[in-house]
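Student: Could we go through this structure together, starting with how two of the helices cross?
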Amino acid sequence: MNVHSLNDIPPEILSEIFSFLDPKTLLLCSSVCHLWLNTVKSSPELQYILELWADGMVPGTSVLTGADALEALYRRRRAWKRLEWTSRNVVEIESLFLCRAYELVAGLFIQQQQGPDFLTISLANLVDDSQNARATRCDGIELSNFEDFAIDPTQDLIVRFYTSEPAYLDCRTMSSHEPHPRANHPVFTFSLGRHIIGSFYIQIVDDIVAIFFSVPPCSFHLFNWRAGFMITEVKDEQDVPFSFAEFHLLSSRSYVFAHAGNNPGFNSGQIDIFTFDGDCPNSPTNIAILELPPVNPKVGISSMIILAGPFCANAILGTPFTKANQNRIYMFLICYDIMKWCRLFVHWRWLHGYVIDHVREKTGPTIVPWKEWGPQNTRMLPGATHQWNRHIIHGERVVLACENRKFVQVYDFGIIPQRMPPVSQPTAEFKAVLHTEPSTLVLNNVFQDIVTTSLPYMHMVRLLDEEYNLFLMDQDRILAMNSAEDSSHRMTVYTF
Amino acid sequence: MVLLVTSDNEQFQTEKDIVERSVLIKNMLEDVGESDQPIPLPNVSSSVLKKVTQPSTGPTEIDVRGRYLSTASTTVESPSRPPILEQSQDETRKRTTDISEWDQKFITVDQEMLFEIILAANYLDIKSLLCRRWLQDGSQHDQGARPPEEIRKLFNIVNDFTPEEEAQIKKENEWAEDR
């Protein structure tokens with residue numbers, strides 16, 4: 001048997017081999033010759049690999065395959081591109097404006113109510129089985145000193161935080177409310193090290209739990225919840241306390257810490273990137289300092305909030321596809337002086353790229369001036385005061401209320417401009433604008449130089465059937481609420 | 001033990017659990033039942049069979065494909081986009097290296113042998129052998145998949161695109177470069 005070229009093997013083997021390639025290599029293979037191009041183009045399985053990648057998603061856990069999966073993906077893409085939801089459901093909740101704590105992760109909306117009751121809404125079930133989608137139960141949890149919780153349903157994990165002295169974390173399963181079997185010490189105590197608790201938030205990324213306290217002097221704790229120990233406690237002990245600081249885990253071994261800067265007089269602000277070892281107590285290592293646009297003398301940042309979607313350690317059960325953790329947009333909401341707000345958007349992969357460089361080359365802390373990273377890799381847009389709600393981002397999309405409460409607006413940074421069909425004519429109900437050109441942010445007398453940024457995005461505005469002033473978002477839906485007293489206990493779920 | 005006879009009439013005594021990785025032979029054994037009769041493999045030469053049945057330290061199909069299908073955290077990404085959960089990433093990287101080394105060894109056969117192995121694997125229905133990451137092999141080292149010219153050279157493939165077609169495809173695929 002004489003074979004001289006890979007093309008002499010049967011085409012079905014070729015496509016079988018291709019199915020094991022990563023999307024990028026697969027795309028390259030399609031430009032090798034006609035046979036390979038046709039093999040890739042004519043196989044729904046291979047097209048699915050490519051299109052899923054283009055949407056920044058990974059396969060989920062449901063059984064859709066080949067052409068069906070591809071069709072479902074296209075349907076979903078069309079729906080989000082035009083903000084055309086496929087179903088609308090209204091569900092009773094306790095007003096978010098009053099409730100103690102709530103979470104929206106992996107298709108679950110969870111709320112700790114005023115009493116001991118715990119509300120769980122399976123948002124996916126709302127569409128098919130609305131009777132059983134909503135469940136309230138009393139887990140008999142300890143309520144004294146209970147402050148907040150965080151969840152990762154893909155690990156069946158709920159972590160509750162108690163501010164007694166000493167403070168403690170309680171790691172349980174969401175399904176049965178038992179101590180979590182993967183936690184060596186499901187309950188472990190630690191010293192808060194601060195008197196004023198103020199505002200704080202909890203984040204879970206895989207085996208790490210972080211609690212960040214933003215009231216100066218800010219501090220944060222990192223824990224490995226499985227091993228059951230505190231990795232580090234970082235306190236701001238500078239002579240000049242940070243006028244603001246914000247923290248966000250980038251991965252289970254890295255985080256960003258944004259603040260005004262360590263040098264007196266340097267108030268332009270910076271984003272520090274740190275790595276740490278999650279497997280033993282240790283101190284984080286600063287690997288990069290990204291400077292924000294230089295500001296004029298006497299101008300300073302008075303507040304900053306970092307927002308990004310939640311992390312899931314595993315694929316979401318029952319979904320045909322899951323947004324990859326890598327495809328995330330970070331929004332830095334920055335306030336210069338008083339009331340001069342702006343939003344800085346940057347992709348996770350840009351921030352985390354410094355972590356990769358560090359792991360590969362053990363580079364020391366790199367100071368990156370704004371001009372070297374900002375204009376090309378970010379988009380800075382005018383902003384407005386932010387509400388306390390942290391769930392306005394999922395993946396590469398951001399949902400915001402409009403001044404006209406009948407509308408909702410979505411920013412999508414996951415688009416690929418080269419692959420976008422021409423934007424349709426605006427109507428009274430819907431308008432979409434693709435922004436690929438650089439734009440200049442104008443804030444009176446704030447910046448030393450003109451701040452021009454160019455990260456591409458799509459901005460969409462759609463008319464809704466009711467008025468809302470608060471939106472949450474996850475992978476497949478927008479959740480809408482109104483703070484008006486008579487309607488704040490209702491949540492409308494638009495599923496795409 | 002199972003007795004296999006190759007196209008060039010060589011006989012092989014092979015462990016049952018190794019030959020049963022071949023769906024073809026597994027089915028044959030089930031059809032025949034307990035028997036000492038040799039199993040003829042008219043489409044497989046002895047040199048290829050040696051390769052195909054050598055005790056594999058390489059990954060099974062589940063391993064390789066599983067990395068793509070499993071989770072958001074350990075999905076196969078091009079090396080420039082490693083997974084987000086760095087602990088899992090370490091595991092992935094370790095496994096990736098294992099595969100790569102195994103592939104490396106496996107791939108150090110000449111082209112003819114390589115294709116014969118692919119065909120034999122197809123004939124014998126051994127999925128795990130079909131899924132070697134030939135085309136990605138180089139990408140482990142130079143942080144990028146092989147460019148099309150190199151793939152063509154590696155596999156003796158003639159570029160049958162016109163320059164216009166090639167330019168068109170390049171343009172269509174441009175978006176992927178920085179992802």
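Student: Which hand does the crossing of H4(A) and H5(A) have, left or right?
Tutor: In this predicted model, H4(A) and H5(A) make a left-handed crossing, a term used if the near helix is turned anticlockwise from the far one by less than a right angle. Helices here are DSSP runs (H or I, at least four residues), and strands are runs of E of at least two, numbered from the N terminus. Local features need pLDDT of at least 70, side-chain atom pairs count only at pLDDT 80 or more, and totals for chains, interfaces and linings use all residues. Residues are numbered from 1 along each chain as its sequence is written, while chains are lettered from A and ligands numbered from 1 in the order in which they are written.

Student: What is the angle between H4(A) and H5(A)?
Tutor: Helix H4 (residues 44-54) of chain A packs against helix H5 (residues 66-82) of chain A at about 30°, and their axes, lines fitted to C-alpha atoms over the stretch in contact, are 8 Å apart. The two are therefore roughly parallel, the word for angles under 35 degrees on a scale from 0 to 180.

Student: And which residues of H4(A) and H5(A) meet?
Tutor: Tyr48(A) and Leu52(A) are among those from H4(A), and they face a group in H5(A) including Leu70(A) and Leu73(A), where contact means C-beta atoms, placed from the backbone, within 7 Å.

Student: New topic: how do S13(A) and S14(A) pair?
Tutor: Strand S13 (residues 219-224) and strand S14 (residues 229-235) of chain A are antiparallel over six bridges, and pairing requires that DSSP finds at least two. Leu222(A) stands opposite Thr232(A) in S14(A), and Gly228(A), in their hairpin, has a positive phi near 80°.

Note on methods. Parallel < 35°, antiparallel > 145°, perpendicular 65-115°, else oblique. Contact = placed C-beta atoms within 7 Å.
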